[in-house]
Amino acid sequence: MSDLEGIRQRRSIRKYKPDPVPREAIEEVLGAAILAPSGKNRQPWKFLVYQGAAKAALLDEMEKGIARETGENAALPGLASGLVYAGATLRTMRAAPVVILVLNTNAASPFEAGTPESRFMAMYDDLAVGAAMQNLLIRAAELGLGTLWIGNTGYAYEELIRFVGTEHRLVGAVALGWPDEAPKARPRKPLADVMEWREE
């Protein structure tokens, strides 16, 4: 499969078979992730792989965070409408054999104030982490694995960071496993709608 074919075949998978994913396959997709470009070769990514009981405990913490967001102590009250999707994502993560948390080791919590310089550098490194996650997703598709890129970890940010025991920025997560569905490609905006030529 060519690189472009891997990009075309990638889908967001929300149904997984219970079959375990071999450690070699997990290391293969993470090996692709760390080939991503990063500014000044800072390589600001770290991947925490959860399976079995460790994954269940992690997701129990995420469930607590989602429940907290429904009450008076919500950290993201303006995003309450997304909680229903966060709950659905949590169910997907429980079904997937593997959940990989993705950290930016050069940035602190997005809930903390910082200098303009620190916020700029965090954004700079988040771009690199995003490139690494894309590499992971594409390599997984090439191996016949399914993935779901997850940003809803933000609803349980403090719970997850405490559970993991890190001060690094939690950028998101990836669910990984053998797909139990074959979704069709989602519609894309026409290239002409998202591209502008500026030659003069």
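A salt bridge is a side-chain nitrogen of Lys or Arg within 4 Å of a carboxyl oxygen of Asp or Glu. The legends below concern a predicted model, which holds 11 salt bridges.

**Figure 1. Salt bridge between Arg 68 and Glu 69.** The closest N and O atoms of Arg 68 and Glu 69 are 2.7 Å apart, and the pair therefore meets the 4 Å limit. Arg 68 is partly exposed, its relative accessible area being 22%. Glu 69, by contrast, is buried, with a value of 5%.

**Figure 2. Salt bridge between Arg 23 and Glu 27 within helix α2.** Helix α2 comprises residues 23-33 and contains both partners, which are four residues apart, about one turn of the helix. The closest N and O atoms of Arg 23 and Glu 27 are separated by 2.9 Å. Arg 23 is exposed, at 63% relative accessible area, whereas Glu 27 is partly exposed, at 44%.

**Figure 3. Salt bridge between Arg 42 and Asp 125.** The two side chains meet at 2.6 Å, N to O. This pair links distant parts of the chain, 83 residues apart: Arg 42 belongs to the loop between α2 and β1 (45-50), and Asp 125 to helix α5 (residues 116-142). Asp 125 has a relative accessible area of 0% and is buried; Arg 42 is partly exposed, at 33%.

**Figure 4. Network formed by Glu 28, Arg 139 and Glu 142.** Salt bridges link Glu 28, Arg 139 and Glu 142 in a network. Side chains of opposite charge can pair when their charged atoms come close.

Note on methods:
Residues are numbered from 1 along each chain as its sequence is written. This is a predicted model: local features need pLDDT of at least 70, side-chain atom pairs count only at pLDDT 80 or more; totals for chains, interfaces and linings use all residues. Side-chain values use heavy atoms; hydrogens and water are left out. Helices (H or I, at least four residues) and strands (E, at least two) are DSSP runs, numbered from the N terminus. Buried means under 20% relative accessible area, exposed over 50%, partly exposed in between (1.4 Å probe, protein chains only).
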